[in-house]
Amino acid sequence: MKALTLRKYNQPLVWNDMPIPTSRAGEIVIQVHAAGLNPLDNMIARGQFALLFPYRLPQVMGNELAGVVTAIGTGVKKFKVGDEVFTRPDIHHLGAFATYVAVSAEDVAHKPRNLTMVEAAALPLVTLTAIQAFTEKTHVKPGMKVFIQGGAGGLGSVAIQVAKHLGATVATTVSTHDVEIARTLGADIVIDYRTQKYEDYVQNFDVVLDTLGGNETFRSMKVLKTGGTLVSVIGSPDTDFADQLGKPIMKPLMWWAGRKERKAARQQGITYKFLFMRANGQQLADITPAIESGAIRPLIAQSFPAEKLTEELPQLGKKKTGPGKTVATFV
């Protein structure tokens with residue numbers, strides 16, 4: 001099979017011929033039909049997570065996919081050969097940028113029936129991020145107010161819909177040409193960041209989902225009410241992340257890394273939390289009825305044949321595309 005592999009950090013990815021994986025106990029083998037692209041792919045390739053996730057190179061890349069089950073390992077009961085599925089493989093076992101991939105069955109869900117493979121491949125990573133931000137790091141309830149940065153991006157566009165599904169009032173920032181798109185996704189307050197300051201429209205919110213990092217993390221803290229929570233997917237880690245990694249020895253390092261965010265949050269009477277989403281097939285299955293009802297839908301910025309991954313992936317986030325996710329097609 002063909003697989004896009006990382007041979008050396010900070011070097012171009014390379015296509016390799018590799019054997020089709022076999023399904024070990026608890027695993028299924030999936031023929032990949034489409035795979036979503038994410039900034040995380042390039043961060044891993046640059047070696048930014050090498051200390052946290054020491055991959056044995058060469059490593060097949062890719063963090064989310066949709067496809068068809070071709071083999072079942074012992075002990076797997078929820079799936080059968082021929083099932084259409086979508087998944088975000090565990091961070092330790094990437095492999096979406098390949099013709100076939102073996103994935104733990106616990107990380108897989110049946111593909112929503114109303115979606116194409118391309119649409120389904122755009123959802124697992126960002127949907128799980130939104131779910132875990134709004135149901136684990138915070139507990140969004142009807143009537144709460146949620147501010148989401150970057151509402152036309154791959155994560156932001158889905159996060160708006162997940163927050164609305166949970167009953168929240170949602171505010172978001174987008175560029176001028178994406179204002180109407182954000183409204184169609186359900187955002188109640190849409191701020192054109194090119195011409196407006198979000199602080200003028202967003203005050204006393206319960207939750208902020210920080211997708212930008214840097215100074216925007218501290219700036220957006222100011223829109224929270226006392227007792228509110230900022231969840232960052234791009235800011236400094238916190239000590240909970242060390243527990244998630246199963247590396248408590250790293251807690252002092254995580255504590256030091258997040259000291260500025262914690263201090264700023266404490267001064268404003270709010271809480272800062274870091275989120276590095278994890279694979280979870282059950283959460284994908286639980287949200288599937290909302291996807292099939294149309295309450296949550298993916299936005300596809302562009303799709304292209306997988307052969308173009310080596311030229312398109314490094315350009316992710318650099319060249320102008322439409323709102324939503326970029327997807328590579330394998331079938």
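Arg219 is partly exposed, with a relative accessible area of 28%, where partly exposed covers the range between buried, under 20% relative accessible area, and exposed, over 50% (1.4 Å probe, protein chains only). This is a predicted model, in which local features need pLDDT of at least 70 and side-chain atom pairs count only at pLDDT 80 or more, while totals for chains, interfaces and linings use all residues. Residues are numbered from 1 along each chain as its sequence is written, and side-chain values use heavy atoms, with hydrogens and water left out.

## Salt bridges

Arg219 forms a salt bridge with Glu199, and the closest N and O atoms of this pair are 2.6 Å apart; a salt bridge here is a side-chain nitrogen of Lys or Arg within 4 Å of a carboxyl oxygen of Asp or Glu. Because Glu199 lies in the loop between β11 and β12 and Arg219 in helix α6 (residues 215–221), the pair ties together parts that are 20 residues apart in sequence. Helices (H or I, at least four residues) and strands (E, at least two) are DSSP runs, numbered from the N terminus. Glu199 counts as partly exposed, at a relative accessible area of 27%.

The structure holds 14 salt bridges. One of them joins Asp17 to Lys2, with 3.0 Å between the closest N and O atoms; since Asp17 lies in strand β2 (residues 14–17) and Lys2 in strand β1 (residues 2–6), this pair ties together parts that are 15 residues apart in sequence. Asp17 counts as exposed, at 62% relative accessibility, whereas Lys2, at 44%, counts as partly exposed. In another salt bridge the side chains of Asp243 and Lys251 meet, at 3.2 Å from N to O. Salt bridges that share partners also join Glu199, Glu216 and Arg219 into one network. For Asp243 and Lys251, the accessibilities are as follows.

| Residue | Relative accessibility | Class |
|---|---|---|
| Asp243 | 40% | partly exposed |
| Lys251 | 31% | partly exposed |

## The parallel sheet

An open sheet of six strands has the order β11-β10-β9-β12-β13-β14, with parallel pairing; two strands pair if DSSP finds at least two bridges between them. The strands β11 and β14 (271–274) stand at the edges, each with a single partner strand, so one side of each is left without a neighbour in the sheet. Neighbouring strands of this sheet are turned by 15° against each other on average, with direction ignored, where the axes are lines fitted to C-alpha atoms, for helices over the stretch in contact, and angles run from 0 to 180 degrees between N-to-C directions.

Strand β9 (residues 145–148) pairs in the parallel sense with β10 over four bridges, and in this pairing Val146 has Val170 of β10 as its bridge partner. With strand β12 (residues 205–210), β9 pairs in the parallel sense over three bridges, and Phe147 stands opposite Val208 in β12. Helix α4 packs on the sheet, touching β9, β10 and β12, and its direction makes about 175° with that of β9; contact means heavy atoms within 4.5 Å.

Strand β10 (residues 169–174) is mostly covered, with five of its six residues buried. Four bridges join β10 to strand β11 (residues 189–192), and the two run parallel; Ala171 has Ile189 as its bridge partner in β11. Two right-handed β-α-β units involve β10: one is made of β9, helix α4 (residues 154–165) and β10, the other of β10, helix α5 (residues 179–184) and β11. A crossover is right-handed if, with the strands pointing away from the viewer, the path from the first strand over the helix to the second runs clockwise.

Ser175 is found in the loop between β10 and α5 and, at 6% relative accessibility, counts as buried. Leaving aside neighbours within four places in sequence, Ser175 is in contact with Asp192, Tyr193 and Arg194.

## Helix α3

Twelve of the 14 residues of α3 are buried, so this helix is largely enclosed by the rest of the structure; among the buried residues are Pro124, Leu128, Ile131, Phe134 and Lys137. At 1.5 Å a residue, the 14 residues of α3 (residues 124–137) should span 20 Å, and the end C-alpha atoms are 18 Å apart, which agrees; the expected span of a helix is 1.5 Å times one less than its number of residues.
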